[in-house]
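I opened the model today and kept short notes as I went. Here is what I looked up, entry by entry.

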Amino acid sequence: MRASPFQNPPLLAALLLKPFFFPFRPSSSSSSSSLSLPGKTLAMAKTLDESHVGISCYVSSLPGFRGVLKQRYADFIVNEVDGDGKIVRLTTVDLPPNVDDDKEEEKSPSIDKDYSSEIESFRSLCGDADAEALKELLGRISSSPESDVLPIILSPDSDKSHRADVHNFFKKNFNFLVTDTVEGSDGNERCIRVRFSLKEAGGGSRRGKKRKNTGHSDSNDGRPFDSRGSDSWPEHLGKFLRFHLYKENKDTQEALGVIGKMLGIQQRSFGFAGTKDKRSISTQRATIFKLHANRLAALNSRLFGIKVGDFSYVREGLVLGQLFGNRFTITLRGVVADSEETVKTAADGLGKNGFINYYGLQRFGSGSVPTHLVGAALLRGEWKDAVYLILDPREGERADVREAREFYKEHGNIDATLRKLPRHLVAERAVLQCLKKCPGNYLQALKAIPRTLRMMYVHSYQSYLWNHAVSMRVQKYGVSQVALGDLVYCKDSSPVDMVKVDSSETEDDLNDGSLLEESGEEIPDEKVQFVKTVDSEDLQKGTYTFEDVVLPLPGSRIIYPGNEVANLYHEMATKDGISLIESAHGVKEFSITSMKGGYRRVFQRPIDYRWELRTYTDDNISLAETDLDIMSKSTPSDLTRKELLTNGDSAKKLASQKSKGEIDMELSKVDSISNSDALLPKMALKMEFTLPASCYATMAIRELQKSTTS
């Protein structure tokens with residue numbers, strides 16, 4: 001007789017669940033950004049606790065259960081939902097029907113010309129090493145003009161005027177080569193990158209054209225490296241290639257960075273509507289300017305953990321916020337509860353009762369220094385303190401990162417620190433590079449951080465206040481009905497006491513602690529809503545329900561609730577030395593009074609929600625189908641599931657070091673280990689649901705399990 005996965009009384013006794021509401025205490029120890037833990041400040045805590053950022057209540061009093069989230073990244077599948085409500089899936093890697101018509105437009109340049117004199121001129125300009133590198137590049141282009149030719153990086157060059165001469169040399173002599181300026185390998189020098197461009201090859205020389213958006217600038221103003229001056233693009237095609245990006249265990253930026261490197265295109269040239277979490281399998285749309293689909297499709301055989309497909313040409317590129325939300329397929333493994341009925345009741349309850357729409361812990365960063373602490377320092381105008389919070393050593397980081405931080409704190413040697421500091425620490429590197437040029441100018445150093453990243457700090461402080469306000473609202477007035485003074489999205493937009501707001505939120509719920517920059521585009525009409533304060537007449541008529549209640553993110557164009565919740569915002573901010581009605585300094589981007597603010601729903605119910613309980617014995621078996629699994633079924637001869645290595649980088653490294661026989665032997669060992677556990681039945685809960693953009697799936701799981709996500 002097989003044992004039930006629920007029959008483990010000793011374990012169940014150790015996993016007693018917490019009560020419905022956590023106590024809410026808006027005191028200095030729980031609400032100030034300088035929170036304290038036993039023996040240390042919050043800034044030095046190894047992990048961030050939910051209560052520190054205001055997450056403390058649940059919607060229902062149903063008991064929860066235990067389960068493992070993201071045991072495998074295939075247990076967390078995310079498909080973007082576009083603005084029309086269509087789920088984005090990878091369905092094909094074939095080229096679009098009109099791709100044959102495009103090939104004539106991509107004729108390669110004639111490399112038969114003898115470029116000896118140009119190479120010798122370049123030798124006198126840049127030296128022997130760079131001249132030989134250019135000669136080798138021309139040889140590769142001549143031998144395979146239609147294939148992807150890797151770019152070359154010229155020798156480090158700190159002279160900006162000389163770099164300009166080099167850019168102009170290539171513009172004058174090689175119309176099929178495109179240049180831009182990049183960081184050197186040590187992060188301290190500037191180098192010129194030279195790449196082959198088919199679209200420039202087909203369009204003739206760009207001499208005489210304006211330099212707008214050509215990618216030949218030494219500046220770092222965010223202009224895309226996409227050669228927008230090209231005249232070679234066919235008129236019958238949209239100027240943007242849109243494609244579906246499928247990735248396993250890679251976030252959006254990492255995947256696009258890999259693709260961009262292969263194409264010789266800077267990562268910022270890609271457009272996308274939102275970022276997705278790394279530890280997941282996700283599919284989303286992306287766009288790139290004037291790139292033919294066959295060039296991108298050709299990368300599929302070289303990509304690991306990434307696939308691109310569903311190509312089409314469109315007139316406009318994607319910008320942040322152009323999505324409805326995300327479709328989640330989540331599997332909780334190793335489910336343990338007092339009975340199967342408890343799990344079923346909780347799963348049903350999530351669909352019926354929804355969850356409190358908290359900002360999840362990802363919003364406040366994955367490190368031991370929460371981003372809202374940096375945000376509070378910025379709002380106070382304490383630039384030096386903010387820089388130290390970003391740079392100082394912190395608990396819980398990798399040894400190499402901590403070593404680099406401690407080295408800088410002890411020695412103050414920026415060059416040596418940059419050599420030690422990993423490149424993915426974008427904010428830290430930007431701050432240090434600016435301090436090297438402008439010692440002691442901490443404000444300028446903060447402004448050197450990319451805007452999307454530096455605005456994350458201030459926005460996370462808004463979220464910090466919002467979470468605490470939500471907990472007070474739920475604790476004081478409950479979740480069964482609206483209360484006098486609540487703010488609600490209006491159902492009738494005619495009264496004069498309503499406030500017009502932009503209800504769109506451009507950040508994605510899976511961005512692992514990072515915020516996306518607000519789009520400068522005009523807000524579509526359907527995204528503009530009105531907010532009003534609930535009065536006694538509204539209560540009498542029963543016009544609104546708890547689902548209509550919103551709370552503000554502090555800013556200059558919002559109103560606060562007409563009840564006690566409003567006081568909490570100001571009390572907490574005051575304890576942090578911050579005013580919500582006047583700025584402490586003149587730097588607008590770090591001032592709440594210069595930010596519009598916004599509104600966010602207090603309550604969210606999962607959309608198109610379904611669930612099922614499944615029994616399994618092998619932890620290595622996927623319990624949900626990915627887009628690639630579905631494609632493998634329909635086209636087994638063209639694309640199999642095994643083609644996409646689920647851990648691409650490590651698999652690639654393993655394959656380079658071991659023979660096929662050795663790999664097969666190791667896989668058989670894994671299979672034998674898995675089979676040894678086959679007699680132990682386990683329970684999993686598989687769920688599918690859609691959430692609007694900016695809603696956190698982890699908060700839905702928290703409500704389901706009645707357990708912390710800390």
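Is threonine 181 buried or exposed? I started there, keeping in mind that this is a predicted model. Threonine 181 has a relative accessibility of 8%, and the cut-off for buried is under 20%, so threonine 181 counts as buried.

Next I checked where threonine 181 sits and what its side chain meets. I found threonine 181 in strand β6, which covers residues 177-183. Its side chain makes a polar contact with the side chain of histidine 167, at 3.1 Å. I also looked up isoleucine 153, which is 28 residues away from threonine 181 along the chain. The C-alpha atoms of the two are 9.3 Å apart.

I located glutamate 80 in strand β4, residues 76-81. Its relative accessible area is 0%, so I put glutamate 80 down as buried. Which side chain does the side chain of glutamate 80 make a polar contact with? I found arginine 285, at 2.8 Å. Leaving out residues up to four places away in sequence, glutamate 80 touches a list of residues that includes Lys86, Ile87, Val88, Lys276, Arg285, Leu323 and Asn326.

After α19 comes glycine 577, and I wrote down its positive phi, near 75 degrees.

I picked α4 (residues 116-126) and α5 (residues 128-143). Their axes come within 7 Å and cross at roughly 145 degrees, and the crossing is right-handed. For the residues that meet, I noted Ile119, Phe122, Arg123 and Cys126 on the α4 side. On the α5 side I have a list that includes Asp128, Ala131, Leu134, Lys135 and Leu138.

Last entry: the whole chain. I have 23 helices and 21 strands for the protein chain. Of its 710 residues, 51% count as buried. How much accessible surface does the protein chain have? I got about 32,100 Å², with 49% of that belonging to carbon and sulfur atoms. Taking contacts between residues at least 6 apart in sequence, 80% join residues at least 24 apart.

Key
Residues are numbered from 1 along each chain as its sequence is written. This is a predicted model: local features need pLDDT of at least 70, side-chain atom pairs count only at pLDDT 80 or more; totals for chains, interfaces and linings use all residues. Side-chain values use heavy atoms; hydrogens and water are left out. Helices (H or I, at least four residues) and strands (E, at least two) are DSSP runs, numbered from the N terminus. Buried means under 20% relative accessible area, exposed over 50%, partly exposed in between (1.4 Å probe, protein chains only). A polar contact is a pair of N or O atoms within 3.5 Å; within protein, one must be able to donate a hydrogen and the other to accept it, and residues adjacent in sequence count only if both atoms are side-chain atoms. Contact means heavy atoms within 4.5 Å. Accessible areas come from the Shrake-Rupley method with a 1.4 Å probe; for residues, only the protein chains shown count as cover. Axes are lines fitted to C-alpha atoms, for helices over the stretch in contact, and angles run from 0 to 180 degrees between N-to-C directions. A crossing is left-handed if the near helix is turned anticlockwise from the far one by less than a right angle, and right-handed if clockwise.
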